2 protein chains.
Amino acid sequence: VTPHLHGIEAGSSLKDHLTITANADELRVFCARVLKRFGVPSDDAEIASDILIESDLRGIDSHGIAHLSRYVYDFQHGVACPQPNIEIVEKSPVTAVVDGGGGFGPVVAYKAMELAISKAKNNYLGFVAVRNSNHYGIAGYYTMMAVKHDMIGIATTNAKPNVLPTFGRSGVLGTNPISIAVPTDRERPFVLDMATSAVAFGKLEMSRRSEKPIPLGWATDETGQPTNDASLVFRNLDKQKGGGLLPLGGAGEEFGGHKGYGLALAVEIFSSLLSGAAPSFRTYPKDSGGNPLPADIGHFFGVIRIDGFRSITEFKIGMDDLIHHIRNSSKLEGTDRIYIHGEKESEMTERRKREGIPVPSEVATDLRKIAKKLAIALPF
Amino acid sequence: VTPHLHGIEAGSSLKDHLTITANADELRVFCARVLKRFGVPSDDAEIASDILIESDLRGIDSHGIAHLSRYVYDFQHGVACPQPNIEIVEKSPVTAVVDGGGGFGPVVAYKAMELAISKAKNNYLGFVAVRNSNHYGIAGYYTMMAVKHDMIGIATTNAKPNVLPTFGRSGVLGTNPISIAVPTDRERPFVLDMATSAVAFGKLEMSRRSEKPIPLGWATDETGQPTNDASLVFRNLDKQKGGGLLPLGGAGEEFGGHKGYGLALAVEIFSSLLSGAAPSFRTYPKDSGGNPLPADIGHFFGVIRIDGFRSITEFKIGMDDLIHHIRNSSKLEGTDRIYIHGEKESEMTERRKREGIPVPSEVATDLRKIAKKLAIALPF
């Protein structure tokens with residue numbers, strides 16, 4: 001709970017570094033209290049708070065407590081519904097569609113993943129497509145749920161249309177992340193959690209805040225040309241003037257930009273086409289008076305029981321062997337470590353459980369406003 | 001069947017442009033005859049020839065008739081077995097493992113995909129992992145098999161360890177391609193078929209042949225630094241001196257190289273860990289005398305019945321709508337077309353069915369040798 005001033009780099013603005021740290025458990029309690037005050041049932045509020053704070057613990061700051069004010073906005077404006085009628089349409093022993101009833105994304109997603117896990121337990125595979133949902137936080141949380149049951153988890157979601165197709169000039173696809181998590185024996189689980197854009201939206205946001213130029217290859221200006229000005233990209237996206245994030249592989253086809261674009265399309269198909277949710281370019285609609293309507297975000301969850309293929313023991317030993325071989329392979333000169341996906345996040349979690357979660361000043365200001373309005377004690 | 005001299009670009013070497021074209025049907029017949037002479041049963045030879053020539057028709061020249069001499073080498077050296085004992089281990093109504101018996105990759109893969117299709121028809125999902133197989137040609141062939149049954153197809157495979165992990169200096173992962181194919185209504189099917197490396201191995205090979213410098217960001221030298229010398233990369237790979245292809249997203253993490261690397265790892269897990277095949281870095285083993293042994297390549301096939309989620313009619317209309325919206329979205333200045341995955345290959349197929357398949361002089365020389373040795377008439 002001790003406020004803590006982080007070191008200030010030469011040339012950086014003071015404001016960004018007046019960062020407070022907060023205890024994860026206290027932040028989780030605060031978050032749940034806020035959600036309950038907006039009508040989220042107690043159990044659902046606990047689930048969602050765990051998902052948000054897990055994001056902060058893993059170092060994905062953009063999707064944790066920093067996102068709470070956006071969720072509050074969504075409740076206040078009818079974009080997300082705190083007590084949705086979540087409808088499960090069973091289609092087969094291994095497949096289902098969930099209508100989230102316009103509910104709070106993390107709660108809808110958690111329940112859909114639980115359904116996929118239960119189907120896989122009973123029938124080896126469980127695939128669930130979700131429509132009429134909202135921003136669900138980090139995809140990796142849901143895939144790790146499957147890993148806790150010794151199964152492989154897959155999760156995708158569509159999102160606001162901020163990403164350009166190859167040779168395009170306007171955002172038509174979401175950052176459309178893919179997460180795949182796989183159990184291991186003694187090693188940390190493999191947890192891939194990646195936007196299919198060259199860079200995650202949150203990283204662009206951090207660059208805007210710090211007013212640092214972004215590398216050419218992350219995003220484009222309104223004509224479709226790469227830019228190093230993050231603020232320009234945000235202004236253009238807000239005003240729908242064109243430009244946006246480039247797909248993984250960058251502009252054009254020379255370095256595989258069409259592959260990142262193709263993966264984003266595949267995520268779009270799994271998340272919105274199988275479920276009947278809006279494609280990214282029709283999410284977050286507004287009524288004729290310009291007022292926001294439910295976002296109609298779509299997700300997809302897959303769970304695979306490993307013994308549908310091979311003994312779980314052999315599989316897990318094989319995973320450890322794969323990890324050891326890659327980690328111990330020869331390194332690029334000047335580097336000393338090859339990471340496996342999920343390691344950095346797992347190490348960050350250990351550190352932040354010990355040292356607290358940093359809350360940037362902008363986020364702290366937002367949380368103070370919420371706390372004051374609702375008369376809820378702040379954890380910092 | 002008419003030999004044809006393609007236009008010669010200024011500054012390019014004459015040799016590469018002395019390209020013959022051959023009729024697809026005649027090339028298919030030639031290919032099947034060659035395979036039968038190596039002991040491949042007639043039906044299997046037809047299947048495999050169709051897969052190879054389809055690759056040429058789609059414009060993926062590296063995986064078609066150009067690969068025949070390598071397949072011949074594999075039969076001659078016991079890397080691939082022409083009449084394998086393919087064993088199906090049924091694990092559940094929706095999952096199975098196939099032991100390819102060291103068989104010819106395209107035949108093993110075709111049969112595994114047929115099994116996945118049949119499982120999905122009966123039980124909504126069909127997932128099949130394959131071990132003890134060989135190079136299977138283009139992944140997109142198998143996913144398009146599912147599309148012919150109005151289902152979604154997924155295919156992955158591992159491969160020779162030519163790809164570096166992020167911060168690595170030696171090849172430990174294959175180019176580990178992913179294909180996803182999805183049915184549409186009136187539009188061409190969506191067919192994503194992509195190596196998870198920045199560039200496909202075949203493109204690097206073409207650059208080596210033409211002796212053109214490659215863009216920095218495709219591959220590295222033996223120290224792990226990006227290089228523009230394709231020949232150097234091949235020499236280093238042959239001698240296992242280090243260096244290799246960079247993952248999609250390139251070197252380091254700035255442009256998402258860790259994402260391409262993560263996708264390659266995920267493909268590795270699905271293709272080799274679920275099936276019990278060798279991971280890429282243990283494929284193509286040799287005995288103590290340095291003689292090649294069966295490659296033990298692993299694949300993974302998934303088939304999804306769309307009405308496990310939603311009406312196929314609604315889905316397909318939604319696919320067309322998605323395609324129209326993206327295709328018609330605003331273009332980067334100076335470009336006039338946004339492609340959907342599979343369109344280029346489909347247009348190339350139409351053209352090559354009409355105009356013939358180009359056979360580069362190096363490939364023609366290889367095929368002449370094979371034809372002469374086996375006394376089989378050449379189609380050019």
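Q: What is the area buried between chain A and chain B, and how much of it do carbon and sulfur atoms give?
A: In this predicted model, the area buried between chain A and chain B is about 7200 Å². Carbon and sulfur atoms give 70% of that area. A:Phe167, A:Lys259 and A:Phe309 supply 11% of the area that chain A buries against chain B, more than any other three residues.

Q: How many residues does each chain bring to the contact?
A: Chain A gives 90 residues and chain B gives 90 residues. A residue is counted when its heavy atoms come within 4.5 Å of the other chain.

Q: How many residue pairs are in polar contact across the interface, and how many salt bridges does the rule find there?
A: There are 32 residue pairs in polar contact, with both residues at pLDDT 80 or more. On the side of chain A that touches chain B, helix 8 (residues 257-273) of chain A has the largest share, 13 residues. By class, that side has 50 nonpolar, 26 polar and 14 charged residues. The rule finds four salt bridges across the interface.

Q: What makes the pair A:Arg282 and B:Asp321 a salt bridge?
A: The N to O distance between their side chains is 2.9 Å. The cut-off is 4 Å, from a side-chain nitrogen of Lys or Arg to a carboxyl oxygen of Asp or Glu. The pair is therefore a salt bridge. A:Arg282 lies in the loop between helix 8 and strand 10 (297-305) of chain A, and B:Asp321 in helix 9 (residues 312-327) of chain B. A:Asp321 and B:Arg282 also meet in a salt bridge, at 2.9 Å, N to O.

Q: Why are A:Arg282 and B:Asp321 called partly exposed?
A: Partly exposed runs between the buried limit of 20% and the exposed limit of 50%. A:Arg282 has 39% relative accessibility, so A:Arg282 counts as partly exposed. B:Asp321 has a relative accessible area of 28%, so B:Asp321 is partly exposed too.

Q: How do you know that A:Arg208 and A:Glu205 form a salt bridge?
A: Their closest N and O atoms are 3.9 Å apart. The limit is 4 Å, so the pair counts. Both residues lie in helix 6 (residues 201-210) of chain A, three residues apart, about one turn of the helix. A:Arg208 is partly exposed, with a relative accessible area of 31%. A:Glu205, at 25%, also counts as partly exposed.

Q: Which residues of chain A do salt bridges join into one network?
A: The network holds A:Glu187, A:Arg188, A:Arg327, A:Arg337, A:Glu343, A:Glu347 and A:Glu350, joined by salt bridges that share partners. Over all chains, the structure holds 46 salt bridges.

Q: Is A:Ser329 buried or exposed, and what does A:Ser329 touch?
A: A:Ser329 has 8% relative accessibility, so A:Ser329 counts as buried. A:Ser329 is found in the loop between helix 9 (312-327) and helix 10 (343-355) of chain A. Not counting residues up to four places away in sequence, A:Ser329 touches A:Ile338, B:Pro165, B:Ser170 and B:Val172.

Q: How do you know that the buried residues of helix 3 of chain A line one face?
A: The buried residues of helix 3 (residues 68-76) of chain A are A:Leu68, A:Tyr71, A:Val72, A:Asp74 and A:Phe75. Seen down the axis, they fall within an arc of 160 degrees, so they line one face of the helix. Their cover includes helix 1 (24-37), helix 2 (42-57), helix 4 (105-123) and helix 11 (361-374) of chain A. Just after helix 3 of chain A, A:Gly78 takes a positive phi of about 75 degrees.

Note on methods
Residues are numbered from 1 along each chain as its sequence is written. Chains are lettered from A and ligands numbered from 1 in the order in which they are written. Side-chain values use heavy atoms; hydrogens and water are left out. Buried means under 20% relative accessible area, exposed over 50%, partly exposed in between (1.4 Å probe, protein chains only). Helices (H or I, at least four residues) and strands (E, at least two) are DSSP runs, numbered from the N terminus. The arc is that of the directions from the helix axis to the C-beta atoms. Buried area is the accessible area (1.4 Å probe) that two parts lose on being put together, summed over both. A polar contact is a pair of N or O atoms within 3.5 Å; within protein, one must be able to donate a hydrogen and the other to accept it, and residues adjacent in sequence count only if both atoms are side-chain atoms. Ala, Val, Leu, Ile, Met, Phe, Trp, Tyr, Cys and Pro count as nonpolar, Asp, Glu, Lys and Arg as charged, and the others, Gly among them, as polar.
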